[in-house]
Amino acid sequence: LTAGFSHKMLGRSFDGAGQVSDGGPDVIFEKQLSTRLDTLNPTVRLVPKQPMWTGIPMIDVFNTLVKSQKIPIFAGPTEPYNRLLSQIAQGAQIYVIIFAVIGLKYDEYHYFKEQLSQSGNMGKTIMFSHLAGESQIKGLMLPDVALSVAREFADQGKDVLLLMDSLTRFAQAQREIGLAINEPPATKGYPPSVFAKLPQLVERAGNGDRGGGSITAFYTVLVEGDDQNDPIADAARAILDGHIVLS
């Protein structure tokens, strides 16, 4: 993926496999996009120092964030986490925004696009969406594809905002595939591969090496019945930087 072609993705929508889904012309890459789960050596990563302004006073004043942090947003099924993600995307002063949404409903897709268009941010946004009812394999591929594109921009020295909805549905997709290949269930039906893949996924965000940009990531975590001790919520607290809880 070259710099010129990664910029052609701005303002476009793609599916979980990285194929154009907005009806526009295809984006042709000069080389294959790598989605390997490699992480940066921590000894060469820059220490996070720059504030990350979201435009939401409750967060900026009382819970000031730093560029390259990885923040979970814990929410029950009836709480407006989608609205919060949309507000963060509208208010963030950042070079490129990447939406990665698994199990997206059709009305949510149009809501996100409408809000981004009204705020004038659609031109710097790349949307990756896996629609509810699609193959779970595409749901598993989507975060890797989105993070690979985000890392390409970060390697060019750009600051990237990654909004992923949700870490829970990613874990559920991996659970379904793991159980289908006879992997034994461990914690509340989740096989061990789920808890191995979560840190591999989130550690690809963050700062790059010297001269590189950053990936600031927000991951929604859907707690079942407002149970903050749900296995995925517990795992997210252990591997991410602090957390925001909606109530």
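Reader: Is K67 buried or exposed?

Author: Please note that this is a predicted model. The general idea is to compare the relative accessible area with a cut-off: under 20% means buried. K67 has a relative accessible area of 15%, so K67 is buried.

Reader: Where is K67 found, and with which side chain does the side chain of K67 make a polar contact?

Author: K67 belongs to the loop between strand 3 (65-66) and strand 4 (70-75). Its side chain makes a polar contact with the side chain of D159, at 3.1 Å. Leaving aside residues up to four places away in sequence, K67 touches P48, Q50, P51, M52, D159, N207, S214 and T216.

Reader: How many aromatic pairs does a search of the whole structure find?

Author: The search finds three aromatic pairs. One of them joins Y95 and F153, with 6.5 Å centre to centre and 50° between the planes. Planes under 30 degrees apart count as stacked and over 60 as edge-to-face, so the rest count as tilted; the pair of Y95 and F153 is tilted.

Reader: Which parts does the pair of Y95 and F153 tie together?

Author: Y95 lies in the loop between helix 3 (81-91) and strand 5 (96-104), whereas F153 lies in helix 5 (residues 136-155), so the pair ties together parts that are 58 residues apart in sequence. Y95 is partly exposed at 36% relative accessibility, while F153 is buried at 0%.

Reader: Over which ring does the charged end of R175 sit?

Author: The charged end of R175 sits over the ring of Y190, 4.3 Å from the ring centre. R237 lies over the face of F74, at 5.6 Å from the ring centre.

How values were computed: Residues numbered from 1 in each chain as written. Predicted model: local features only at pLDDT ≥ 70, side-chain atom pairs only at ≥ 80, totals over all residues. Heavy atoms only, no water. Helix = DSSP H or I, 4+ residues; strand = E, 2+ residues; numbered from the N terminus. Buried < 20%, exposed > 50% of the residue type's maximum accessible area, 1.4 Å probe, protein only. Polar contact = N/O pair within 3.5 Å; in protein donor to acceptor, adjacent residues only side chain to side chain. Contact = heavy atoms within 4.5 Å. Phe/Tyr/Trp six-rings, centres within 6.5 Å; stacked < 30°, edge-to-face > 60°. Lys NZ or Arg CZ within 6 Å of the ring centre and 35° of its normal.
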